[in-house]
Amino acid sequence: MTAENIKKSKKETSDDHLNWRYQDKTYNELFKKWRRQSKDSMGFYYVNNPNELTYRDGYGFVRNYPEAAEAHALRNVFNLIGVTMLLVAALDIVSMYLLPMLLTRLGADIYYDSYTGIYYGNEWLILALNSSFEILKRLLPLLYCYNRLQMPLKVMMPVKVTNKPLFRAAAPVMLMVSGTGVVLSEIFRHMLGAVHIQPAEWVSLPEETAPLIVSLVINIIIVPVISEFYTRGAIMQLLRQFGDGFAIVITSVLTAFITYNSQQFCYVFVCSVIIGYFAVRTGSVMTAAIMRVVSRVIFYGLYIIDCYLDPSLGREIAMAVVFLAVMVGLISLISLMINHSDKFGMKFSSRYLSFTEKCLTALTSVPVVMGVSVMVILMVVKTKIIL
């Protein structure tokens with residue numbers, strides 16, 4: 001074999017090793033091109049080869065340890081994630097404590113009860129304040145990632161579906177997951193109550209019809225879609241160069257921390273893992289957005305039933321809704337496994353660092369440590385101790 005053929009063979013091997021089998025060709029080519037940029041310290045592009053050296057496209061064989069290069073790129077990625085966490089926390093602190101205080105002193109009809117975590121006063125003003133910050137704390141980190149990374153939009157937010165059977169099953173499966181999660185969260189809430197812990201309210205809706213409708217549209221559709229563009233879009237796609245499984249888990253942890261709710265933390269984490277899996281396996285962030293909307297529909301629907309209906313009747317309707325959601329999802333999942341079992345499974349590929357080593361790398365990122373610390377403090381502050 002000639003030297004030219006050997007070089008071509010190694011290049012084809014490296015390209016195959018770094019392709020994402022669940023994404024289209026455009027995604028793969030753009031992602032590899034972005035990661036090859038020498039000026040980009042967040043791109044990791046080392047590959048295996050049989051000669052115990054590391055081959056990097058455009059550079060040839062290099063002798064640097066790939067583990068060190070992966071750790072360096074991952075640390076820079078964690079720094080970016082930490083900055084977005086601090087940005088989210090800062091916006092929440094402003095919206096929960098500083099701005100209501102300022103508006104009250106200016107004579108506005110608004111008051112924030114830090115103990116209950118609920119706003120009181122003019123419902124339209126409360127809606128404007130809540131909605132603005134709910135959108136901003138997802139949109140600003142997304143814009144920061146886009147500006148900092150300069151990653152192609154087709155990589156940061158892939159929308160083309162490459163697995164239609166699984167895409168069609170995404171919404172029904174999320175019904176099952178949400179219904180099951182609601183039951184488990186209620187059990188966990190009672191367990192926390194037994195040790196005198198009561199998490200803060202996760203949601204508060206207006207009583208008047210018009211602001212209620214506007215609030216539901218914003219919180220059920222607009223907020224979750226932007227949130228998924230930030231988490232399963234920018235963050236998870238960036239992390240995929242270190243392994244799909246790792247990207248799904250870390251993104252899910254980030255999503256759970258943003259809730260600041262000890263009762264919902266595990267529920268949000270599990271839902272996020274499933275959403276991330278479906279997003280990766282279908283090749284589209286739109287799958288994640290749809291699943292997140294479905295989850296919000298179930299949650300807000302049950303909340304409205306609990307708040308606006310007679311307690312005895314509401315309890316029966318809520319149980320019926322949960323049962324129906326679980327059964328629809330279960331039937332859809334069984335149908336998928338019978339007719340398209342090959343479309344469900346996913347092969348996870350690793351890089352050079354182990355999962356534990358990758359997680360420990362986060363501890364060397366000052367922004368991540370600071371971001372997690374602030375979010376844990378906010379979670380504790382919003383958790384009420386019943387005496």
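## Starting with Leu-330

Leu-330 is partly exposed, as its relative accessible area is 33%. Here, buried means under 20% relative accessible area, exposed means over 50%, and partly exposed is in between (1.4 Å probe, protein chains only). Keep in mind that this is a predicted model, where local features need pLDDT of at least 70, side-chain atom pairs count only at pLDDT 80 or more, and totals for chains, interfaces and linings use all residues. Residues are numbered from 1 along each chain as its sequence is written, and side-chain values use heavy atoms, with hydrogens and water left out.

Leu-330 sits in helix α11, which spans residues 311–339. Helices (H or I, at least four residues) and strands (E, at least two) are DSSP runs, numbered from the N terminus.

Leaving aside residues up to four places away in sequence, Ser-332 touches Ala-169 and Pro-172; contact means heavy atoms within 4.5 Å.

Now look at helix α2, residues 25–35, where the buried residues are Tyr-27, Asn-28, Phe-31, Lys-32, Trp-34 and Arg-35. They lie on the same side of α2, because they cover an arc of only 160 degrees around the axis. That arc is taken from the directions from the helix axis to the C-beta atoms. Turned away from this buried side is the face with the exposed residues Lys-25 and Lys-33.

Thr-180 belongs to helix α6 (residues 164–194) and, at 35% relative accessibility, counts as partly exposed. Thr-180 and Tyr-267 are 87 residues apart in sequence, while their C-alpha atoms are 9.4 Å apart in space.

## The whole chain

Zooming out, the protein chain has 13 helices and six strands. Of its 387 residues, 49% count as buried. Among contacts between residues at least 6 apart in sequence, 75% join residues at least 24 apart.
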